[in-house]
Every structure is written in structure tokens, then in C-alpha cells.
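These are my notebook entries on one structure.

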Amino acid sequence: MSAEELRLELDELRQLEGLAKRPRIQSLLANEIRNVEAKLAKATAPAPEQQAAASAPARPILNYVTLGSFSWDQDNEKIRIYVFLEGVEQEKVETSFKPMSVDIKFHDVKGKNYRCAIPKLNKEIVPEKCKVVVKPTKVVVTLWKASKGNWLDLYFKEDKFKPSMDKEKDPMSGIMDLMKVNVFSWLTSSSFCDHSVTCMHSHVQNMYEEGDEDMKRTIAKAWSDSRSGKTTDSLSGLR
């Protein structure tokens with residue numbers, strides 16, 4: 001039943017209540033009036049989503065000025081960042097400390113919003129121990145190190161000298177391939193002669209005994225070809 005129909009029904013019930021003389025009839029009409037009033041209130045009440053939207057106005061999008069210039073120092077346990085900004089109020093500072101990042105927002109500072117963020121720190125920190133203290137002419141951010149020691153920089157930097165490893169490739173395979181080519185080249189080179197066997201025999205024998213089947217076949221074939229003068233044919237398989 002629509003809200004309009006409920007209103008009409010309610011008006012008619014109230015008219016009947018005014019005409020009724022007997023207490024029992026008056027009581028029945030009064031109960032029915034209350035039931036219709038409850039239905040009407042439910043039919044006209046706003047949906048919960050509408051109430052939430054009305055009570056919580058949309059938060060305006062804030063623009064921030066990035067603070068890229070600041071100073072810092074450290075001891076064995078802490079990092080201190082000094083942001084030189086006047087007019088900051090402690091209750092208007094919003095902080096986000098994570099193990100590897102820092103994001104601090106300063107709201108309504110002389111009509112502007114500022115932000116100081118380090119998306120990836122040099123090393124891990126302890127978020128629950130970090131804090132921000134506002135002073136008259138600056139803001140001091142204290143970061144507690146997860147492990148004691150000296151930081152070379154605030155920002156994380158990739159180690160350019162660290163070799164990358166292919167997880168799907170056996171790291172020894174490249175080394176073995178290189179050893180096989182070097183041994184084959186030595187055995188088949190023009191400088192190979194009888195006195196070379198005396199100085200290199202032990203080394204090659206160890207490589208042969210400790211190598212895989214492919215290594216053994218390569219050494220054996222190279223040795224055989226070098227002694228029989230088939231150097232050219234043997235090298236063609238590795239080109």
C-alpha cells in the first residue's frame with residue numbers, strides 16, 4: 001500500500017473514532033490507527049543509504065604542496081627528520097608510518113596543505129614507535145630503526161652490483177657451459193702439445209671426474225679430435 005493510500009485510510013479511521021460511542025469500538029479503532037501510523041512512518045522513512053549520504057557529506061579533495069627539502073640526522077637507534085615549516089598545529093598533522101615508508105600531511109598551514117613522504121625507506125622502521133613533534137619553527141619526525149646501525153641514505157637504492165638470478169635457471173649451468181667451452185678450446189688449440197699434458201693433466205682429470213655426462217663427453221671428444229687432427233670438425237658443434 002502506498003503512502004498516499006495509508007494517509008487516506010488514517011483520516012477515515014480518525015473520523016470513525018470520533019463517531020464511535022462504545023469503549024470497545026473506540027479501543028479497536030485506536031489500535032488500528034496506531035498500526036496505520038506505523039506503516040505510514042515506515043513507508044515515508046528515507047532509505048539507510050540516503051540517510052548515510054545526507055549525514056556524511058562528501059569529503060573535498062585536498063591539494064598538497066610537496067615538501068622535498070628537509071634535513072636529517074641519526075644515531076644508532078633513531079632517524080630524525082627536520083621539516084622547517086611554521087604555523088603547523090599538532091592536531092592537524094596526519095601521519096602514516098609503515099615498515100618501509102613514511103607519509104606525513106600538514107593540514108591548513110596558513111591556508112595551505114603540505115605533504116612530506118618517503119615512499120621507500122633505506123631500511124625498515126618500527127611504525128608504532130615513530131612520532132611527530134611540532135615546534136614553533138619546525139616539525140621533528142622521529143623514526144625508530146628496526147635494527148640498530150648506520151643508514152647511508154634515507155631512501156632505498158638498488159644495489160647495481162648485485163647479480164640478478166633467474167629462478168627458473170640453474171645458476172651452475174652457465175658456469176659449466178663456460179668451463180666446457182674453455183676446456184674444449186684449450187684441448188683443440190694449436191698451442192696444445194705433449195708438455196701441456198704434464199702441467200694440465202691433473203686439472204683436466206679432476207674436471208672430467210667431477211663433471212656431468214655432457215662435460216665428460218665434451219672433454220673426451222675434444223681430446224680425441226685434438227690427437228687425430230680433427231679440430232675443425234669438432235669445433236663446428238659448438239658454434
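**Entry 1: Lys78 and Trp144**

I began with Lys78, which stands opposite Trp144 in β8. The model is predicted, so I noted that local features need pLDDT of at least 70 and side-chain atom pairs count only at pLDDT 80 or more, while totals for chains, interfaces and linings use all residues. Residues are numbered from 1 along each chain as its sequence is written, and side-chain values use heavy atoms, with hydrogens and water left out.

I recorded how the elements are named: helices (H or I, at least four residues) and strands (E, at least two) are DSSP runs, numbered from the N terminus. Two strands pair if DSSP finds at least two bridges between them. By this rule I found β3 and strand β8 (residues 139-144) paired in the antiparallel sense, with six bridges.

I then looked at the ring of Trp144. The charged end of Lys78 sits over this ring, 4.8 Å from its centre. Lys129 also lies over the face of Trp144, at 4.1 Å from the ring centre. A charge sits over a ring if NZ of Lys or CZ of Arg is within 6 Å of the ring centre and within 35 degrees of the ring normal.

Is Lys78 buried or exposed? I found Lys78 at 12% relative accessibility, so Lys78 counts as buried. The cut-offs are as follows: buried means under 20% relative accessible area, exposed means over 50%, and partly exposed lies in between (1.4 Å probe, protein chains only). In strand β3 (residues 78-83), five of the six residues are buried, so the strand is largely enclosed by the rest of the structure.

I next followed β3 to strand β2 (residues 71-74); the two run antiparallel and are joined by four bridges. Across this pairing, Asp73 stands opposite Arg80.

**Entry 2: salt bridges**

How many salt bridges does a search of the whole structure find? I noted nine. A salt bridge is a side-chain nitrogen of Lys or Arg within 4 Å of a carboxyl oxygen of Asp or Glu.

I looked up Asp75, which is partly exposed, with a relative accessible area of 30%. Its side chain meets that of Lys78 in a salt bridge (3.2 Å, N to O). Asp75 also forms a salt bridge with Arg80 (3.7 Å, N to O). Arg80 counts as partly exposed, at 27% relative accessibility.

I then turned to Lys92, which forms a salt bridge with Asp108; the closest N and O atoms are 2.9 Å apart. Lys92 lies in the loop between β3 and β4 and Asp108 in strand β5, so the pair ties together parts that are 16 residues apart in sequence. Lys92 is partly exposed at 27% relative accessibility, and Asp108 is partly exposed at 41%.

**Entry 3: Lys105**

Which side chain of opposite charge is nearest to Lys105? Lys105 is found in strand β5. I found that Lys105 is buried yet has no salt bridge; the nearest side chain of opposite charge is Glu94, 4.3 Å away. Here Lys and Arg count as positive and Asp and Glu as negative, with His and the chain ends not counted.

I also listed contacts (heavy atoms within 4.5 Å). Not counting residues up to four places away in sequence, Lys105 touches Tyr64, Lys92, Val93, Glu94, Tyr114 and Arg115.

**Entry 4: the sheet with β4 and β5**

I traced an open sheet of four strands, in the order β1-β6-β5-β4, with mixed pairing. Its edge strands are β1 (65-66) and β4, each of which pairs on one side only.

Strand β4 (residues 93-98) pairs with strand β5 (residues 101-109) in the antiparallel sense, over six bridges. Among the bridge partners in β5, I noted Asp103 for Ser96 and Val102 for Phe97. The hairpin from β4 to β5 passes through two residues.

**Entry 5: helix α2**

Lastly I looked up Ala38, whose place is in helix α2 (residues 23-44). Ala38 is partly exposed, with a relative accessible area of 48%. The C-alpha atoms of Ala38 and Leu6 are separated by 10.0 Å, and these residues are 32 residues apart along the chain.
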